[in-house]
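Welcome, and thanks for taking a look at this one with us. Please have the sequence and the 3D view open side by side as you read the briefing below.

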Amino acid sequence: MQDAPSDRDALQTLLDFHVEAGVDLALDETPHNRFAEPKAERPPAKAAAQTSAPKAPPPSAPSPRALPKAAAGAPEEVASMAREQARHAQSLEELEAILAGFDGCALKFSAKNLAFADGNPEGRVMLVGEAPGADEDRIGKPFMGRSGQLLDRMLATIGLDRSQVYVANIVPWRPPGNRTPTPQEVAICKPFIARQIELASPEFLLCLGGPAAQNLLGIKDGILRTRGRWFTYKTEDGREVRALPTLHPAYLLRQPLQKRLGWRDFQALRRALDGRE
Ligand code: URA
């Protein structure tokens with residue numbers, strides 16, 4: 001390995017290179033050349049393990065810092081544990097505290113922060129996205145980056161801002177490298193967002209993007225088919241919330257021509273707020 005550069009600019013360039021290459025999580029302070037590690041460090045084969053005492057790693061071998069692990073268990077068991085814990089929350093503050101102490105989702109251990117919510121839980125509208133990105137992870141709140149800025153501009157077109165709406169995500173921890181959350185991660189986190197909606201009790205639910213719409217409303221169709229149509233979201237305690245799927249702001253940043261569709265959906269929300277739809 002080459003020596004790391006010592007001056008600030010060179011270090012910044014190296015860091016930028018890694019970020020652009022998709023490396024955004026440090027697992028250890030120093031790199032390890034796994035190919036050069038002695039064979040003895042690999043776990044012994046099962047049969048050998050039964051007959052001979054395990055070898056201690058050589059003293060020179062670096063010991064990588066292990067990331068804490070998520071609570072063990074089949075995803076369905078962990079999801080039912082999540083349901084149990086979420087049900088106990090009697091307020092959004094309690095729910096956030098329970099979620100912060102919940103070790104069942106591995107994303108918690110690679111994320112910097114829990115991005116539970118932003119905005120006003122008393123608002124008539126709740127918006128739900130998919131999962132936090134890098135900015136949200138750093139700040140610990142949903143929709144803080146470029147998508148969030150576009151979202152704020154769209155809200156402003158219908159006379160709303162974050163003091164009037166409540167914002168959350170299906171998954172409250174950032175998946176490493178902004179990958180899509182796995183179905184297991186979604187299943188584990190879903191009881192928490194369901195309880196969050198129940199406790200916030202909005203009049204209107206805006207599902208931002210296909211994953212939010214599909215997971216919350218149980219619809220199979222893609223977002224381009226479902227956006228702009230009103231659905232009913234049912235809370236576990238039997239309340240019905242009018243729900244509108246719309247295009248995710250991150251998609252609109254990539255496909256600016258589709259902003260007109262997003263704009264139409266926000267107009268529909270405005271009409272519904274005014275009792276005109
Ligand atoms: N995308 C999301 O779905 N949620 C965020 O909080 C940010 C980007």
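In what order do the six strands of the open sheet run? The order is E1-E3-E2-E4-E6-E5, and the pairing is mixed. Please keep in mind that this is a predicted model. The points below start with the sheet and then turn to the ligand.

**The sheet and a helix across it**

- At the edges of the sheet you will find strand E1 (118-119) and strand E5 (231-234), each of which pairs on one side only.
- Strand E2, covering residues 125-129, pairs with strand E4, covering residues 204-208, in the parallel sense, and four bridges join the two.
- To place that pairing on screen, pick Val125, whose bridge partner in E4 is Phe204.
- Helix H9 (residues 210-217) lies across E2, E4, E5 and strand E6 (240-246).
- Relative to E4, helix H9 runs at about 130 degrees.

**The ligand and its surroundings**

- Around the ligand sit Gly129, Glu130, Ala131, Pro132, Glu136, Pro142, Phe143, Asn169 and His248.
- By class, this shell holds four nonpolar, three polar and two charged residues.

**Polar contacts and burial**

- Glu130 brings a polar backbone atom to 2.8 Å from an oxygen atom of the ligand.
- Ala131 also uses its backbone: an N or O atom there lies 3.0 Å from a nitrogen atom of the ligand.
- Asn169 takes part through its side chain, with a polar atom 2.8 Å from a ligand nitrogen atom.
- How much of the ligand does the protein bury? Taken alone, the ligand exposes 240 Å², and the protein buries 91% of that area.

Note on methods
Residues numbered from 1 in each chain as written. Predicted model: local features only at pLDDT ≥ 70, side-chain atom pairs only at ≥ 80, totals over all residues. Heavy atoms only, no water. Pairing = 2+ DSSP bridges. Contact = heavy atoms within 4.5 Å. Axes fitted to C-alpha atoms, helices over the stretch in contact; angles between N-to-C directions. Near = heavy atom within 4 Å. Polar contact = N/O pair within 3.5 Å; in protein donor to acceptor, adjacent residues only side chain to side chain. Areas by Shrake-Rupley, 256 points an atom, 1.4 Å probe, with all protein chains shown as cover. Nonpolar A, V, L, I, M, F, W, Y, C, P; charged D, E, K, R; others polar.
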